[in-house]
2 protein chains.
Amino acid sequence: MRAMYYQIINQMKKGLGQIDHCLTKATTYAQTRGFDVNVLMTSRLAPDQFALVRQVQMACDTAKMASARLTGKDAPKHEDSEKTIDELKARIASVVAWLDQLTPEDFVGAGERVVTQPRWEGKVMSGADYFVEHALPNFYFHMTTTYAILRNNGVDVGKRNFLGALSQRSPA
Amino acid sequence: MRAMYYQIINQMKKGLGQIDHCLTKATTYAQTRGFDVNVLMTSRLAPDQFALVRQVQMACDTAKMASARLTGKDAPKHEDSEKTIDELKARIASVVAWLDQLTPEDFVGAGERVVTQPRWEGKVMSGADYFVEHALPNFYFHMTTTYAILRNNGVDVGKRNFLGALSQRSPA
C-alpha cells in the first residue's frame, strides 16, 4: 500500500514537471507573439475563479502538503509572492526538490494517519480518505486548470505535454 | 494494494456523479437565463480542444476502461452518439451502474496485468504504471476540463461541486 502512495506522489512530482514544461512553452509562445509572458499570471477562465498564479501555487501546495501530512515530515514554506512565470518555475523546482528526497519507507502507515487542516473546523480524515478524496482530485484540478488557462490563451500545449512520457515497453 | 485500486476507482465513480451534479446545475442555470442548455455540448476552451460532449465521454470511458483493463471484465459499449445534456447524464448513469458491481476482489493482481490499447502501436504498460501514469491523470483531466467549460460559461459551480462530500469525522 505504501508503495502506491509513493508512486502517486511521484506522479504528482512528474505532473509539476509537466506544468513547468507548459510554462516554458508559454514563454516561447509569448516571445514568438511579442507579448510579456507575465500577463498570463492573472489570466483566468471565469471572473470568480483563481488566476494562473494561484492555480500553480495550489498544485505545488497540494503535492507538498499531501506528502507532509502522509509522512509526518515538515514541508518547506512558500510565501505565495510570485510575480513572474520564472518565479513560479522556481517554486515548482523547490517543491520537486523536496519531493525528491522522499522514499517509499516514509509512507509506512500513511493511510492510518489522522489528517486535518484549519479550514475543516476541527474535523479530521484518515490519511487514506484524505489522499484519495481530497489531495488527488485537488492536485489534478489545479494542474488541469493551469493547462486550460494556457490553452485558452493560445499556447500550443496538448495532452502529451500534460501526461509526459509513459512507462511503455515492447511486449515480453 | 488491490484495496487502493478499488478505492480510487470508487473515487472516479464519485467524480462522475459530481460531473452529473454540475450538468444539473448547468441545466438550472440555462433555465434561469432562458437559453437551451444543449448549446453547451459544443462549447470548448480552445478551437482545437475537444468540446464538452467529448470531455464527458472521455471521463466516462477512462473510468470504465481502467476498470475493465485492471479487472479483466468486459465493459459495456457506448456509441458516442449523445446529442443532449440529458443523454450525457444517461451515459454517466450507465457507467456508474457498471462500476457499482465491482468489488475489491476484482482487482487482485491488477498491478501485474499487461495493458495495451490500439493507439500505443504494440507497446504495453503494467497495470500499475497504466493506472498511475495514464488512467488517473486522464480521468481528472477530462473531469476538470468539463468543469472548466461550465465555469467559463457562467454556470455557478465551485470546488465543493467538484470534490463532493468528504469522509470527515470528529476527532476520536
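My notes below cover the interface, then the helices, then one glutamine.

**Ground rules.** I am working from a predicted model, in which local features need pLDDT of at least 70, side-chain atom pairs count only at pLDDT 80 or more, and totals for chains, interfaces and linings use all residues. Residues are numbered from 1 along each chain as its sequence is written, chains are lettered from A and ligands numbered from 1 in the order in which they are written, and side-chain values use heavy atoms, with hydrogens and water left out.

**Interface.** I looked up the contact first (heavy atoms within 4.5 Å), and it draws 46 residues from chain B and 46 residues from chain A. The buried area, meaning the accessible area (1.4 Å probe) that two parts lose on being put together, summed over both, is about 4,500 Å² for chain B and chain A, with 61% of it on carbon and sulfur atoms. On the chain B side, B:M4, B:E133 and B:R151 lose the most area to chain A, together 14% of what that side buries.

I then checked for salt bridges (a side-chain nitrogen of Lys or Arg within 4 Å of a carboxyl oxygen of Asp or Glu), and the rule finds four across the interface of chain B and chain A. B:K14 forms a salt bridge with A:E133, where the closest N and O atoms are 3.9 Å apart. As for elements (helices being DSSP runs of H or I, at least four residues, numbered from the N terminus), those giving two or more residues to the side of chain B that touches chain A are α1 (2-33), α4 (127-152) and α5 (159-163) of chain B. Of that side, α4(B) gives the most, with 18 residues.

**Helices.** For α2 of chain A (residues 52-71), I noted 20 residues and a reach of 29 Å from first C-alpha to last, close to the 28 Å expected at 1.5 Å a residue, the expected span being 1.5 Å times one less than the number of residues. Of the 20 residues in α2(A), 16 are buried, where buried means under 20% relative accessible area (1.4 Å probe, protein chains only). Just after α2(A), A:G72 takes a positive phi of about 80 degrees.

**One glutamine.** Is B:Q57 buried or exposed? B:Q57, in helix α2 (residues 52-71) of chain B, is buried, with a relative accessible area of 4%. Leaving aside neighbours within four places in sequence, I find B:Q57 in contact with B:D80, B:S81, B:E82, B:L88 and B:R91.

Notes: Buried means under 20% relative accessible area, exposed over 50%, partly exposed in between (1.4 Å probe, protein chains only).
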